[in-house]
Structures are given as structure tokens and as C-alpha cells.
Amino acid sequence: MDKFVTRLDHSQPNPSCQSLIQANVNHSYLINELDLGSLKGDPGERIHIADYNPRIRDEVRKHYIQQGPSQPSKHQFPKTQIGGRIRHFVPSWFNGQFSKWLEYSVKKDAAFYLCCYLFKNEFIHESAGEFYTKNGFRAWNKGLERLRLHVGDVNSVHDKCFKKMLDLSNHHQSIQVVFDKHSEKLKNEYRMRLEASIDVARLLLLYGLPFRGHDESESSTNQGLFLGFLRWHGDKHPDVGKVILKNTPQNDTLTCPMIQKDIINACAKETLKARIGDLNGDYFGILVDESKDISHKEQMALVLRYVDKNGEVVERFVGLVHVSDTSAYSLKEAIYSLLSDHLLSPSQIRG
């Protein structure tokens, strides 16, 4: 068997496993929380972008892009003897084609490239970009030549980094902004559609008119008052007509019987809320009577009788409650339960 199979030496870790373990160990040391106060403006003092958790890297990048490249043009640049001549960083390099990404570190007296710092590790191995992202360059005698050489041709690493920086800085092109705009448009259309349905429902409730017709199909000539008035409302207001009935998704028309009932219940609650407000915590009397429904179930109708703010005696319907029987105890429990639902105290009852 040993001729054909090589036995593993378990005393030494597998190189691939070792690299995986190392990767996991390094991953545990990533910076997971974004602290904008800890982000350094001087490029020579910045933490490498790869040391941040991928979850927050774009936020770090956005911060540096918003701040712009560090370009202390008024700084007194130190002079260094290079090749027998005194050299120093030339602030005019901040202008022209290098203006959007060239940086200078006062602490290290070195030049850096903002776009490469932000994105270079996505295109090449980190060690290949160390010279530019961590140490910068100080070859002032060949400054322009070095900058042009670094920029390279179209689709060079620098060019790709610069394009990614522009894409991230252009918030108007981001997917999230487009999605938010699209969502806001949908919200406005939904609000107009809902308000149209509510307006028609309130009109029908005001005059006690039926909502539904016998045949509400598209081919019907009489679909009922709700759909009829809604269509009329859309014809009179073109901006509303663009977002209702046929001009809306089939699952979002807000015209089905369930939606109509929800609107009716909401109107009933608001009406009752106004009536309770009109009572203003004063004393009131109650009128109670039984009223069987079409299924012959016992139910109790409750009406409030009180003096309103104008000094007039009014009677206002509160609601119907199904009761199991008409005994005094059952009626009392049902009355107390209905009053408590509307924050009315039985101690305020008079008469």
C-alpha cells in the first residue's frame, strides 16, 4: 500500500490548512466598528484599507473621498539633497491632471495616491502596492516622471482605482439612490391611490349609499357606486387617474372588498373618536337595546346621550356587541367592556 499512497505526517500542519488558519486569525484582527474620529487626514498616518472589515470599507472610502486628497499647498516643504541638488515636493503638482488624487504627507514628507490607497488591494496583491499605499514616494528629482509612470495607460491599476473612486463619489449614480428615488415615486403614487379610495368611501358613507354592485367585472356597465365614483374622480383629476384602476399593478389597486371594509372601519373609528372627544369627559347616559342580525344572533346596540359643547342634548351611536344571552349579568359585562374599549368610565353614567 505504501508504494501507491503517501502517508500524511500529522505532526506537521498542512500548508493549505496553515494558510487558512492564518487567514482566519488575521480576519479576527480586522477593525469592525467605524469611528470617523479615528480616520487620519495625513495619508502617512492612515490605517491600511485592508485592515478594515469589508462591511465598513466603503464607508471609510466615502469619508476619505468626501474629505478629498490631503494637499497642504501652503506647507513649507522640507528640502533634501538628491543627486547633488536640493530637491523638495513641488506644490504645483496638486494642479492639473493629478489634482483629484495626489496627496502629500507632512509627517512622512512623501507623496501618496488617494485612489490607489482606497482601491488598489482589490486589483493586485497588497504587497505589490505597499510602496504607494504605505510608504509613498520621495524621489523629487523625478517627480513628474514618476507620477506619469504610475498613472500608466488606460485600464492600468491606477486608472481602474481612479474610476472606482469616481463611481463611489458620484452618489447620483449609486444603486441605492436610484432605488430610493424609485421607492419615493412608488410611495407618492400609493398615497394618491389610497387617498382617492378614502375620498370616495367617505362620500358614500356620508349619504349611506351602497358600495358594491351586482356585477363588478370589467365588462359590466354598472360596477357599483364605489368603482363608478372612483373612475369619475380619476377622470376629473388626471394626476389621480394616472395611478388608479387600470394604471396600477393588479395587486395594488386598493379597490377590493377587503380594502373597502378596512377603510370603512377606519372611518368608523375616527368618527367615534370625534364623538368621544365631543363628550369631553363629562357625564353621559346610555341607551341599550337588542337587535338581532340577519343570522338571528343576539346583539346589543349602545347609544350615548349627553350634552355637547353647544349645550344641546345629542344621542350618538357607539357600536354593536354580540352577546351570548340577554341576562342582566351578560348585558352588564358587554356594556362595561364596550365602554372600556373607548376609555369611558361607568362611574360617569347618569340617568
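A: The largest nonpolar core has 30 residues, and F89, W101, L102, L118, L147 and M165 touch the most other members. By nonpolar core I mean buried Ala, Val, Leu, Ile, Met, Phe, Trp, Tyr and Cys residues joined through side-chain atoms within 4.5 Å. Buried is under 20% relative accessible area, exposed over 50%, partly exposed in between (1.4 Å probe, protein chains only).

Q: Which elements give two or more residues to this core?
A: Those are α2 (54–67), β3 (102–105), β4 (110–113), α3 (114–119) and α6 (157–169). Helices (H or I, at least four residues) and strands (E, at least two) are DSSP runs, numbered from the N terminus.

Q: And which gives the most?
A: α3, with six residues.

Q: Before I go on, what kind of model is it?
A: A predicted one: local features need pLDDT of at least 70, side-chain atom pairs count only at pLDDT 80 or more, and totals for chains, interfaces and linings use all residues. Residues are numbered from 1 along each chain as its sequence is written, and side-chain values use heavy atoms, with hydrogens and water left out.

Q: OK, α5: which residues are buried there?
A: G143, L147 and H150, in a helix that covers residues 143–151. They fall within an arc of 65° seen down the axis (directions from the helix axis to the C-beta atoms), so they line one face of α5.

Q: What's on the face turned away?
A: Exposed residues E145 and L149.

Q: What follows α5?
A: G152, with a positive phi near 70°.
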